[in-house]
Amino acid sequence: MMLNRDALIAAARTAQGAAYAPYSNFHVGAALLFADGSVVTGANVENASYGLALCAETSAVAQAMNRGLRGGLVAVAVIGSMAGADGPVVTPCGRCRQVLNELAQLGGTDPVIWCVGAEEVLELKLSALLPHAFGPANLG
Ligand code: THU
């Protein structure tokens, strides 16, 4: 299953190319790696009603869920930048951390999150980004 970090980042970068972000011009791509080796990606999808924007990570999780995946999330790569320019590291927004946690907790994993910037890749576990998370286990 071991797809390497750079390959997952490349998948996120490719996904970023599909971003629909005419309002912010901030294009984000996310790639999810699963234990079986599958990779599912997403990009942000904005709306003329600005507050309805969907983040790349949320799009990717929805895509994975629609493919029947329910856990096994081992790694995530996120990259975002203003159109045409590489910028600072992007960490998932608060809502996306919660959305990622749902998929992770379903399979009992604590995925590594690679937050990609022009100069560096910040590596964090989801549990560090969202400590003491509320999730499906709380409702069981
Ligand atoms: N965005 C993401 O896709 N993921 C994040 O983690 C942060 C923000 C998107 C939402 C919006 O379309 C644009 O970036 C600017 O906030």
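Strands, like helices, are DSSP runs numbered from the N terminus, and a strand needs at least two residues. Keep that in mind while we look around this predicted model.

**A serine in a strand**

Ser81 is found in strand S3. Is Ser81 buried or exposed? Buried means under 20% relative accessible area, and Ser81 has 7%, so it counts as buried. Its side chain makes a polar contact with the side chain of Gln16, at 3.2 Å. Leaving aside residues up to four places away in sequence, Ser81 touches Gln16, Asn25, Phe26, His27, Asp86 and Gly87.

| Residue | Relative accessible area | Class |
|---|---|---|
| Ser81 | 7% | buried |
| Arg5 | 33% | partly exposed |
| Asp6 | 51% | exposed |

Asp6 is exposed because its 51% is over the 50% cut-off. Arg5, at 33%, falls in between and is partly exposed.

**Helix H3**

Now for helix H3, which runs over residues 94–107. With 14 residues at 1.5 Å a residue, H3 should span 20 Å, and its end C-alpha atoms are 21 Å apart, so the two agree. Which residues of H3 are buried? They are Cys96, Arg97, Leu100, Asn101, Leu103 and Ala104. There's a handy rule to go with that list: an α-helix has 3.6 residues a turn, so residues three or four places apart point the same way.

The cover over the buried residues of H3 includes strand S1 (26–34), helix H2 (56–66), strand S3 (73–82) and helix H4 (126–129). Just after H3 comes Gly108, with a positive phi of about 70 degrees.

**The nonpolar cores**

The largest nonpolar core has 21 residues, and Leu32 and Phe34 touch the most other members. S1, H2, S3, H3, strand S4 (112–116) and H4 each supply at least two residues of this core. There's also a second, separate core of eleven residues, including Ala12, Ala31, Ala77 and Trp114.

What does Leu32 touch? Not counting residues up to four places away in sequence, its contacts include Leu8, Ser38, Val39, Val40, Ala60, Val61 and Ala64.

Note on methods
Residues numbered from 1 in each chain as written. Predicted model: local features only at pLDDT ≥ 70, side-chain atom pairs only at ≥ 80, totals over all residues. Heavy atoms only, no water. Buried < 20%, exposed > 50% of the residue type's maximum accessible area, 1.4 Å probe, protein only. Helix = DSSP H or I, 4+ residues; strand = E, 2+ residues; numbered from the N terminus. Expected span 1.5 Å × (residues − 1). Contact = heavy atoms within 4.5 Å. Core = buried A, V, L, I, M, F, W, Y, C linked by side-chain atoms within 4.5 Å. Polar contact = N/O pair within 3.5 Å; in protein donor to acceptor, adjacent residues only side chain to side chain.
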